[in-house]
Amino acid sequence: SVNGERLGTYNGHTGAVWCVDADWDTRHVLTGSADNSCRLWDCETGKQLALVKTSSAVRTCGFDFGGNIIMFSTDKQMGYQCFVSFFDLRDPSQIENNEPYMKIPCSDSKITSAVWGPLGEFIIAGHENGELNQFSAKSGEQLSNIKEHTKQINDIQTSRDMTMFITASKDNTAKLFDCTSLEHLKTFRTERPVNSAALSPIFDHVVLGGGQEAMDVTTTSTRIGKFEARFFHLAFEEEFGRVKGHFGPINSVAFHPDGKSYSSGGEDGYVRIHYFDPQYFEFEFEA
């Protein structure tokens, strides 16, 4: 993350990789793919440690807080239902037999994004129809359900202390919620679908990335494509900055854990790492 140098590759997937997550001490990496598999890798060596085959594409995946339990969701396609599966890595037989300790069906609307809640007690799932659900990681029951978005939720990211999370949606908004109660706290509005949103670990700042659908890009000039990363104030919901660079929709954004830089990945095939100016930090502390 310092200079963007490539350190290694995880070879094995034969389809688009939809999701990736590292555990808390960065020993293992989890990936989910359109090749109908979820794979566990050794982070340092790139060796594949486990392979879970699924009936349809794996859309989201993640480690719990302790790194012992993994969850992933599969797409509703080819006659198969959308499921969330939970595996305990401390029990090797679950992976060997491809039998999760729990499998939750989602018949109404497929899960498009999901993250673990604080302490690994539940997961928060965003759906194609704009709904948000909390599912217990122990019993599998639906703890709560809300619908604040009118269209598909593309991305969910939590705050550093896991008390809040932000959603990015096709309805041109990103929204901030309380992790435990799912209370809707803030809304950040744009004129284009939002594909990804991230919360700064050190300031009350939010970065949004998006743009119109990739298939519509060729029909409009790049000037009005709106491919900038956009910065909003967390509390005041006001936009205070834009960063240009991508010449296609931004698919994902993330802050560096130290809050001094952020990266964005776009449909144009580039990952851009941006470092904040010294004035950025002075301005915030004065404010």
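Visitor: What makes β15 and β16 paired strands, and how many bridges join them?
Guide: Two strands count as paired because DSSP finds at least two bridges between them. Strand β15, residues 173-178, is joined to β16 by 5 bridges, and the two run antiparallel; with the cut-off at two, they are therefore a pair. T173, for example, stands opposite R189 in β16. The model is predicted, so local features need pLDDT of at least 70 and side-chain atom pairs count only at pLDDT 80 or more, whereas totals for chains, interfaces and linings use all residues. Residues are numbered from 1 along each chain as its sequence is written, and side-chain values use heavy atoms, with hydrogens and water left out.

Visitor: What holds the strands of a sheet to one another?
Guide: Strands of a sheet pair through backbone hydrogen bonds, in either a parallel or an antiparallel arrangement.

Visitor: What is the strand order of the open sheet of 3 strands?
Guide: The order is β21-β22-β23, again with antiparallel pairing. β21 (250-255) and β23 (271-275) are the edge strands, each pairing on one side only. The twist averages 20° from one strand to the next. Strand β22, residues 261-266, is joined to β23 by 5 bridges, and Y262 stands opposite H274 in β23.

Visitor: What do β11 and β12 form, and which residue in the turn has a positive phi?
Guide: They form a hairpin with 5 residues between the strands, and G140 in the turn has a positive phi of about 85°. Strand β11 (residues 132-136) and strand β12 (residues 142-146) pair in the antiparallel sense over 4 bridges, with Q134 opposite S144 in β12.

Visitor: How many helices and strands are there in the chain?
Guide: The chain has 2 helices and 23 strands. Both are DSSP runs numbered from the N terminus: helices are H or I over at least four residues, and strands are E over at least two.

Visitor: How do you know what class I202 belongs to, and which residues does I202 touch?
Guide: I202 has a relative accessible area of 37%, so it is partly exposed. It lies in the loop between β17 (194-199) and β18 (205-210). Not counting residues up to four places away in sequence, I202 touches R160, D258, G259 and F281, where a contact means heavy atoms within 4.5 Å. I202 and F281 are 79 residues apart along the chain, and their C-alpha atoms are separated by 9.8 Å.

Visitor: How do you know whether the chain agrees or disagrees with the radius of gyration of a compact globule?
Guide: The globule rule is 2.2 Å times the number of residues to the power 0.38, and the radius of gyration is taken over C-alpha atoms. For 287 residues a compact globule would have a radius near 19 Å; the chain has 19 Å, and therefore agrees. Its C-alpha trace spans about 55 × 45 × 40 Å along the principal axes. Of the 287 residues, 50% count as buried.

Methods:
Buried < 20%, exposed > 50% of the residue type's maximum accessible area, 1.4 Å probe, protein only. Axes fitted to C-alpha atoms, helices over the stretch in contact; angles between N-to-C directions.
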